[in-house]
Amino acid sequence: MSVTAAKGFTASGVAAGIKENGNPDLALVVNNGPRLAAAGVFTSNRVKAAPVLWSEQVLKGGQVSAVVLNSGGANACTGPLGFQDTHATAEKTADVLGHSAGEIAIASTGLIGIRLPMEPLLSGIETAAAALGEHGGEKAAIAIKTTDTVHKTAVATGPDGAWTVGGMAKGAGMLAPGLATMLVVLTTDADVEAAALDTALRDATRTTFDRIDSDGCMSTNDTVLLLASGASGVAPAADDFAEAVRTVCADLARQLIGDAEGASKDIRIEVVGAATEDDAVEVGRSIARNNLLKCAIHGEDPNWGRVLSAIGTTSAAFEPDQLNVAINDVWVCKDGSVGEDRELVDMRYREVRITADLAAGSASAVIWANDLTADYVHENSAYSS
């Protein structure tokens with residue numbers, strides 16, 4: 001259930017010595033073809049890590065033969081030397097695998113502002129290459145974890161199982177739209193050209209990764225790659241392929257929120273009755289980023305007033321006296337005022353559902369978020385992560 005679920009791919013995950021604790025920290029995913037098509041989506045943060053800048057250039061060619069991913073260091077805000085380190089990583093990988101450096105994508109995650117230890121990293125590439133295998137996907141997923149408590153993988157298949165889309169992700173903090181903070185590698189053995197991969201990937205990320213919001217913080221390193229080997233020999237219908245990619249992305253996005261740093265509640269925010277989809281997304285994000293509400297959810301307090309106050313900060317079309325809010329299906333706010341008895345809301349369980357009805361149209365959107373806990377504050381203040 002990972003990047004090697006699709007035919008034509010091998011992967012590995014090793015401990016190269018990048019992390020001081022000795023945990024796995026280097027992953028390698030190789031596309032063995034016959035097709036080497038690829039697409040990618042990256043952070044919209046104006047401060048971009050060296051691996052993002054490198055991989056953006058690689059993806060312009062529409063071909064990726066391998067992806068090198070490391071945890072234990074973001075290689076962000078490291079200047080020209082950091083970019084040289086990324087280039088050296090690609091050159092080393094190309095040399096070991098017999099490919100072109102211009103077809104090697106790089107992704108890094110970890111602390112910003114510190115250069116990577118290149119000697120163990122480059123040596124680790126040789127170790128990872130020697131360990132490549134068709135069942136190496138899980139080890140690769142483990143090697144890219146940082147504050148993640150679990151590794152994250154997903155898979156979907158086409159009609160009659162004729163082709164497969166698999167994937168792995170890392171991410172537990174700095175999860176916010178545009179792209180959400182993550183490293184993701186998706187693979188497929190479907191026979192799909194780069195342009196079609198790009199369309200499917202952008203459509204999928206728009207309604208999945210771009211609609212999770214843990215803490216409103218956007219990373220410098222977000223990378224989502226989709227590689228196609230064509231090894232199944234099947235060219236799928238565009239709609240079938242797009243749905244499979246979306247399914248895997250949605251699964252991984254949900255896992256990211258479920259493993260968010262310190263979280264005790266997963267919050268599903270559905271905005272309905274919006275004039276436009278953009279309005280629905282804007283309102284959903286505002287609710288997701290309301291720290292007072294996130295604290296209330298942690299305390300199992302159905303404080304619908306904080307939902308209304310978040311809605312009121314947006315530019316969405318609505319009338320305040322027509323707003324309705326439900327928490328776990330109890331309509332605690334009706335027509336901008338008191339609704340059903342808030343004591344009816346059962347918030348004992350992990351998932352909390354908030355529905356905000358703007359009564360302004362027929363558009364809708366779903367945003368996933370999580371509560372704000374003391375554990376989150378501790379994890380992001382007691383030590384660098």
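A residue is called buried when its relative accessible area is under 20%, exposed when over 50%, and partly exposed in between (1.4 Å probe, protein chains only). The structure is a predicted model, in which local features need pLDDT of at least 70 and side-chain atom pairs count only at pLDDT 80 or more, while totals for chains, interfaces and linings use all residues. Residues are numbered from 1 along each chain as its sequence is written, and side-chain values use heavy atoms, with hydrogens and water left out. Helices (H or I, at least four residues) and strands (E, at least two) are DSSP runs numbered from the N terminus.

Strand E2, residues 26–31, is mostly covered, six of its six residues being buried. In a regular strand the side chains alternate between the two faces of the sheet. Leu26, Leu28 and Val30 point one way from E2, whereas Ala27, Val29 and Asn31 point the other way. Two strands are said to pair if DSSP finds at least two bridges between them. E2 runs antiparallel to strand E1 (residues 9–14), to which six bridges join it, and Thr10 stands opposite Val30. Strand E4 (residues 66–71) is also antiparallel to E2, with five bridges between them; here Leu26 stands opposite Asn70.

A nonpolar core is a set of buried Ala, Val, Leu, Ile, Met, Phe, Trp, Tyr and Cys residues joined through side-chain atoms within 4.5 Å. The largest such core has 45 residues, of which Val29, Val64, Val67, Leu69 and Met168 touch the most other members. With neighbours within four places in sequence left aside, Leu69 is in contact (heavy atoms within 4.5 Å) with Asp25, Leu26, Ala27, Val29, Ala107, Ile144, Met168, Leu183 and Val185. A second, separate core holds 34 residues, including Ala274, Val307, Phe318 and Val325.

Val325 belongs to strand E11 (residues 324–327), which is covered on both faces: it and Ile327 on one side, and Asn324 and Ala326 on the other, are all buried. E11 pairs with strand E14 (residues 351–357) in the antiparallel sense over four bridges, and Thr355 in E14 is the bridge partner of Ala326. Two bridges join E11 to strand E12 (residues 330–334), again antiparallel, with Ile327 opposite Val330. The hairpin of E11 and E12 has two residues between the strands, and Asn328 takes a positive phi near 50° there.

Two further buried positions were examined. Thr153 lies in strand E6 (residues 152–157) and counts as buried at 18% relative accessibility. Beyond its neighbours within four places in sequence, Thr153 is in contact with Met1, Ser2, Ala141, Gly167, Met168, Leu252 and Gln255. Gly171 lies in the loop between strand E7 (164–170) and strand E8 (183–188), and is buried, with a relative accessible area of 1%. Gly171 and Asp222 are 51 residues apart in sequence and 9.5 Å apart in space, C-alpha to C-alpha.

A pocket is defined on a 1 Å grid over the protein atoms alone, as an open set of points with protein on both sides within 12 Å along at least five of seven lines, where a 1.4 Å probe fits; lining residues have an atom within 4 Å of a point. The second largest pocket is lined by 13 residues, with Val192, Ala196, Ala237, Ala238 and Phe241 nearest its centre. Helix H5 (194–207) and helix H6 (238–258) are the elements that give two or more residues to this lining, and the largest share, four residues, comes from H5.
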